Amino acid sequence: MSNKKILIVEDEPSLVFTLQDTLESEGYNVSVVSDGEAAIEKTKQIKPDLMLLDLMLPGMSGYEICKKIRAMKYTFPIIMLTARDQEVDKVAGLNIGADDYITKPFGVKELLARIQARLRRASSYSKSGPLEVLKLGNVKIDLKESEVIKPNGVIHPLSTREVEMIQYLVERANQPVSRDELLEQVWRYEYSTNTRTVDVHISKLRAKIEEHPDDPHYLVTLHGVGYMLKIN
Ligand code: CA
């Protein structure tokens with residue numbers, strides 16, 4: 001049984017009832033609020049492990065709440081609950097710091113799976129703290145400063161996207177990662193992108209982090225599969 005704390009921010013009583021009942025029967029410690037002010041107060045008070053955040057709320061919207069929570073430097077996963085066909089909103093939500101979204105009406109199994117996946121990722125981060133520096137041979141990757149320092153002293157700045165790519169690849173180090181997975185996890189739900197986007201970014205990233213980008217040693221291509229970051 002889990003004793004993780006989940007804060008539900010939702011103003012629809014019937015949905016709250018179902019969510020609370022389901023999550024409590026899974027052993028989660030559930031708190032419920034129905035607006036933004038209360039969500040922020042409750043966050044400070046209980047420091048939840050995860051938040052389920054409705055987008056359409058009276059007063060402060062789900063977006064504004066999410067932004068405020070992130071501005072307060074809380075890093076717990078936030079899963080947004082959106083109504084059907086709010087794709088534009090979904091992208092905006094992910095861009096302001098939500099980790100995932102789920103469209104109403106949703107199945108209990110799907111929701112539980114998303115929650116478990118987010119909590120697992122969050123705890124694998126916090127065990128070692130956020131990764132700040134990674135060494136690939138003689139190349140130093142400083143994720144905090146968003147730069148790569150080559151052995152000859154040349155510094156290549158990293159874009160936010162490149163930092164996210166590295167973080168994701170490190171999380172999945174020594175395992176195959178498909179282009180689709182990178183699109184989903186790093187580019188999230190930006191539909192204008194395709195697997196070619198991933199290839200272009202991988203090759204730019206290689207030029208920065210590999211000593212011999214044409215013969216990559218760490219960020220390797222697995223033909224027919226995708227990529228793999230090989231680290232010891
Ligand atoms: Ca609502």
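Let us begin at the metal site: the calcium ion is coordinated by Asp11 (OD), Asp54 (OD) and Met56 (O), at distances of 2.2 to 2.3 Å. Donors here are N, O and S atoms within 2.8 Å of the metal (3.2 Å for Na, K and Ca), and water is not among the atoms, so sites may look incomplete. Along the chain, the donors of the calcium ion follow the spacing D-x42-D-x1-M.

Residues are numbered from 1 along each chain as its sequence is written, and side-chain values use heavy atoms, with hydrogens and water left out.

The term pLDDT is the predictor's confidence in each residue, from 0 to 100. The chain averages a pLDDT of 87, and 88% of the residues score at least 70. Confidence is highest in strand E2 (residues 29-33), at a mean of 98, and lowest in helix H4 (residues 87-95), at 61. Where pLDDT is low, the predicted coordinates should not be read in detail.

Now the overall layout. The chain contains eight helices and 11 strands; helices (H or I, at least four residues) and strands (E, at least two) are DSSP runs, numbered from the N terminus. Of the 232 residues of the chain, 44% count as buried. Buried means under 20% relative accessible area, exposed over 50%, and partly exposed in between, with a 1.4 Å probe and protein chains only. A contact means heavy atoms within 4.5 Å. Among contacts between residues at least 6 apart in sequence, 56% join residues at least 24 apart.

Is Asp54 buried or exposed? Asp54 counts as buried, because its relative accessibility is 2%. Met56, by contrast, counts as exposed, because its relative accessibility is 57%.

Asp54 also belongs to a covered strand. In strand E3 (residues 50-54), five of the five residues are buried. Leu50, Leu52 and Asp54 lie on one side, Met51 and Leu53 on the other, and both faces are covered.

Which strands pair with E3? Two strands pair if DSSP finds at least two bridges between them. Strand E1 (residues 5-9) pairs with E3 in the parallel sense over four bridges, and Leu52 in E3 is the bridge partner of Ile8. E3 also pairs with strand E4 (residues 78-82), again in the parallel sense over four bridges. There, Leu52 stands opposite Ile79 in E4. From E3, the chain crosses through helix H3 (residues 62-71) to E4, and this β-α-β crossover is right-handed. Right-handed means that, with the strands pointing away from the viewer, the path from the first strand over the helix to the second runs clockwise.

I turn next to the interior. In soluble globular proteins, nonpolar side chains tend to be buried together. A nonpolar core is a set of buried Ala, Val, Leu, Ile, Met, Phe, Trp, Tyr and Cys residues joined through side-chain atoms within 4.5 Å. The largest such core has 28 residues, and Leu136, Ile141, Leu158, Ile166, Leu182, Leu219 and Leu229 touch the most other members. Elements giving two or more residues to this core include strand E6 (133-136), helix H6 (160-171) and helix H8 (195-209). The largest share, six residues, comes from H6. Apart from this core lies another, of 20 residues, among them Ile40, Leu55, Leu57 and Ala98. Leaving aside residues up to four places away in sequence, Leu136 touches Ile141, Ile209, Tyr218, Leu229 and Ile231.

Helix H8 also holds Arg206. Arg206 counts as buried, because its relative accessibility is 12%. With residues up to four places away in sequence not counted, Arg206 touches Pro213, Pro216, Leu219, Val220, Thr221 and Tyr227. The C-alpha atoms of Arg206 and Pro216, 10 residues apart along the chain, are separated by 7.2 Å.

Finally, some points of backbone geometry. The peptide bond from Lys104 to Pro105 is cis, with omega near -10°, and Pro105 sits in the loop between strand E5 (100-103) and helix H5 (108-128). Lys47, in the loop between helix H2 (36-46) and E3, has a positive phi of about 45° although it is not a glycine. Asn174 is not a glycine either, and has a positive phi of about 65°; Asn174 is found in the loop between H6 and H7.

How values were computed
Predicted model: local features only at pLDDT ≥ 70, side-chain atom pairs only at ≥ 80, totals over all residues.
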